[in-house]
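Thanks, everyone. I'll keep this short. Let me put the sequence and the structure up.

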Amino acid sequence: MTHFTIASFNVKNLIGADKEYYKFQSYTPEEYAWKQDWLADQLLTMDADIVGFQEIFEESALRDVIAEADERGVETNSATIPDKSKRYHRKAIFRKLAYTPYGTSGLAVATNVADGEPGQRRPGVAILSRFGFAEPPVVLQDLPEPLDIPFAALRGSEDGDDAGFFRISRLSRPILKARIPVDGQIITVFNCHLKSKLGEHVDTADGANPADLTKYDPTTRALGSLRAALRRMAEAWVLRREIVSELEAGNPVMVLGDFNDGEHAVSSEIISGEVPFKNYAWMLRHDAKTPRDRYSDAENEQITEAINRNRLHSAERMFVRKSARDMVYTSAFGGVFESIDQIYMSRHFHPDYAGKIGEMEYFSVLNDHLTDGSHPEAPYNKLASDHGQIIAHMVMGHDDT
């Protein structure tokens, strides 16, 4: 049986010193040194075998963090792991405590195709793997063809009613897909950072800028939130399409990242897929001709299997079910504590699935550093991440005895 850990880590605007990422925002050398120190310490504490990073503006800055974590890990091993001269050096506890350096070969970085000049930068994502990659990772951001999402005409509308459509041709941040070898299995890992809830504001017909809060317009501000939500859900569907392609090929899948939405949000449910109804034999058929036209028992089994085969499961939810913990959060702002960072996995890792190849033993959240944005200590979050880090502790294989 092989144990491994997989984690999601939004590092919050990682870039070197004196480099303007957003307008008038940059780190002094001292601030960057503090941020690098904090991130390296957090990565060392996580000690995850696979890490998906979000908000990477500069690959060299991420490599510096990894190198610093490796250096500290090696020093920690020297101080705490007994050498072979000690009769107790083979105890399991020391295998658990030992840090394995990442090195430089297991890092894949997806830069943002919309990245611009100083002050107009756009973040990318990355995957760090102690297992390396089975093949070169793939980046998805510019779609080969624009995606048109048509809306159905409302019932009762006039013939020929144009219900309109939503078009997306580029994702706000890249999706990184990597195939990672673990214990003789190849796991497809997706790392994503969906569009935030920050409104997409467009100047009004009279030239007014909705971002001008001195002329606050609640309806145009709400329209900006609508645009952001549409984009986030469209990006979730693009990711879902890639996930289903992998599942239909029979590949185990794990999806992680900053979803910018909770588990029960529509965008998250698009990614995870539907939850099957208890019994479709109770349900009126889609093509019913009479009130008695319901799905058969055989069709019920067929439908349920089709849904379960393409469904993903929340690591957080499986942990809460197993541990009776009632609250996990990775974000705190304005008095709202919620989980917007997620790890989802296919049924290949679900404890109730007879064909599982492994399962989750534990789920960790590092969130003690989070401060509510409405509190006076919130400026600390400029340098530390404003996200909690989540880690799923997995075991491959299972004992049937």
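Start with burial. Of the 401 residues in the chain, 46% are buried. Buried here means under 20% relative accessible area, exposed means over 50%, and partly exposed is in between, with a 1.4 Å probe and protein chains only.

Now the ground rules. This is a predicted model, where local features need pLDDT of at least 70, side-chain atom pairs count only at pLDDT 80 or more, and totals for chains, interfaces and linings use all residues. Residues are numbered from 1 along each chain as its sequence is written, and side-chain values use heavy atoms, with hydrogens and water left out.

Overall build next. The chain has seven helices and 14 strands. Those are DSSP runs, numbered from the N terminus: helices are H or I with at least four residues, strands are E with at least two. Along the principal axes, the C-alpha trace spans about 85 × 65 × 40 Å.

On to the aromatics. How many aromatic pairs does a search of the whole structure find? It finds 12. The rule takes rings of Phe, Tyr and Trp (its six-membered ring) with centres within 6.5 Å; planes under 30 degrees apart are stacked, over 60 edge-to-face, and the rest tilted.

Take Y21 and F57. Their pair is tilted, with 5.6 Å centre to centre and 50° between the planes. Y21 lies in the loop between strand 1 (2–14) and helix 1 (29–46), and F57 in the loop between strand 2 (50–56) and helix 2 (59–80), so the pair ties together parts 36 residues apart in sequence. Buried or exposed, Y21 and F57? Y21 is buried, and F57 is too. Ring pairs also bring in Y22 and Y27, linking them with Y21 and F57 into a cluster.

A second pair is F319 with F363. This one is tilted as well, at 5.8 Å centre to centre and 40° between the planes. F319 sits in helix 7 (residues 315–323) and F363 in strand 13 (residues 358–366), so to speak a link between distant parts of the chain, 44 residues apart. F319 and F363 are both buried.

Rings meet charge at R130. Its charged end sits over the ring of Y99, 5.2 Å from the centre. R130 also lies over the face of Y102, at 4.2 Å from the ring centre. The test is NZ of Lys or CZ of Arg within 6 Å of the ring centre and within 35 degrees of the ring normal.

Now empty space. Rolling a probe the size of a water molecule over the atoms shows where empty space is left. How many cavities of 30 Å³ or more does the count give? It comes to one. The largest cavity has a volume of about 40 Å³. On a 1 Å grid over the protein atoms alone, a cavity is a set of points where a 1.4 Å probe fits but cannot get out, and lining residues have an atom within 4 Å of a point. Grid points are joined across faces, edges and corners, and the volume is the space filled by probe spheres set on the points.

Which residues line the largest cavity? They are E135, P136, P137, V138, K177, A178 and R179. Strand 6 (residues 165–182) gives the largest share of that lining, three residues. By type, the lining has four nonpolar, no polar and three charged residues. Ala, Val, Leu, Ile, Met, Phe, Trp, Tyr, Cys and Pro count as nonpolar, Asp, Glu, Lys and Arg as charged, and the others, Gly among them, as polar.

Backbone now. Most residues other than glycine have a negative phi. N13 has a positive one, near 55°. N13 is in strand 1 and counts as buried, at 7% relative accessibility. D183 is not a glycine, yet has a positive phi of about 55°. D183 is in the loop between strand 6 and strand 7 (185–193) and is partly exposed, at 43% relative accessibility.

Last, some contacts across the sequence. M254 is in strand 8 (residues 253–258) and is buried, with a relative accessible area of 0%. From M254 to L312 is 58 residues in sequence and 8.2 Å in space, C-alpha to C-alpha. F333, in strand 10 (residues 331–333), is exposed at 60%.

Key. 1 Å grid on protein atoms, 1.4 Å probe; cavity = no way out; pocket = protein on both sides within 12 Å on 5 of 7 lines; lining within 4 Å.
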